[in-house]
Amino acid sequence: MHADHKLDAKGLACPMPIVRTKKSMANLQEGEVLEITTTDKGSLADMKAWCRSTGNEYLSGSEEGNVQVHYIKRVEKKQYVPKTELKSISNEELEAIIAEKPAVILDVREPEEYAGGHIPGAHSVPLAQVENYIAALPEEETVYVLCKSGKRSQAACDNIRSNGRENLIRVTPGMSEWNGPIATSLAATAGVR
């Protein structure tokens, strides 16, 4: 596939391939194609989800050994203007909330990350699958969205909000610095209710 520009993101872990892609895409003209080469195993899901949230077009991807190659076309997206500003809270604030009462927590990391340790009762919905679960999110309750570092949770919130949902709170920095209770069972995976 023809690429107008190339980005080498090999050796970088989440969220850096997306961060570098975002910076590179900002320099492209509409219709130009960026080729991204990465070794981040979660990059396929992350790139597709990022494209959905930004309006850019994910053209194709391939994997050879431990290297993934992605092709993304720059597309100008009409901005969805949310009704309210996205609220963010700290890990400690979420820990205090769940100590008081149960909460709906959406963990948008990859299944392997979730299995390695997650907040008890958190629902595993990887970023690439978030759009499929929007209808399952409770409309009356606040949904707390988190990932490892805060980048994927931002993309997930953007995606959910672009579909008209507003009752979201992003948790930062996320599981990379979570000091609260941890579970390793897979009982709360793939779905919300």
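**Salt bridges within and between two domains**

One salt bridge is counted between domain 1 and domain 2. A salt bridge is a side-chain nitrogen of Lys or Arg within 4 Å of a carboxyl oxygen of Asp or Glu. The model is predicted, so local features need pLDDT of at least 70 and side-chain atom pairs count only at pLDDT 80 or more, while totals for chains, interfaces and linings use all residues. Residues are numbered from 1 along each chain as its sequence is written, and side-chain values use heavy atoms, without hydrogens and water.

Domain 1 spans 5–74 and domain 2 spans 88–171. These bounds come from an automatic or database domain assignment. The domain centres, taken over C-alpha atoms, are 23 Å apart. Nine residues of domain 1 are in contact with 11 residues of domain 2, where contact means heavy atoms within 4.5 Å.

The size of an interface is often given as the accessible area lost when the parts come together. Here, the buried area is about 840 Å². Buried area is the accessible area (1.4 Å probe) that two parts lose on being put together, summed over both. Carbon and sulfur atoms give 64% of this area. In domain 1, Cys 14, Arg 52 and Ser 53 lose the most area to domain 2, together 45% of what that side buries.

Arg 52 forms a salt bridge with Glu 131. Their closest N and O atoms are 3.4 Å apart. Helix α2 (residues 43–54) gives the most to the side of domain 1 that touches domain 2, with five residues. Helices (H or I, at least four residues) and strands (E, at least two) are DSSP runs, numbered from the N terminus.

The structure holds seven salt bridges. One of them joins the side chains of Glu 35 and Lys 6 at 4.0 Å, N to O. Glu 35 lies in strand β2 (residues 33–38) and Lys 6 in strand β1 (residues 5–9), so the pair ties together parts that are 29 residues apart in sequence. Glu 35 is buried at 12% relative accessibility, whereas Lys 6 is exposed at 64%. Buried means under 20% relative accessible area, exposed over 50%, and partly exposed in between (1.4 Å probe, protein chains only).

Glu 113 pairs with Arg 152 in another salt bridge, with the closest N and O atoms 2.8 Å apart. Glu 113 sits in helix α4 (residues 111–115) and Arg 152 in helix α6 (residues 151–162), 39 residues apart. Glu 113 is partly exposed at 24%. Arg 152 is buried at 4%.
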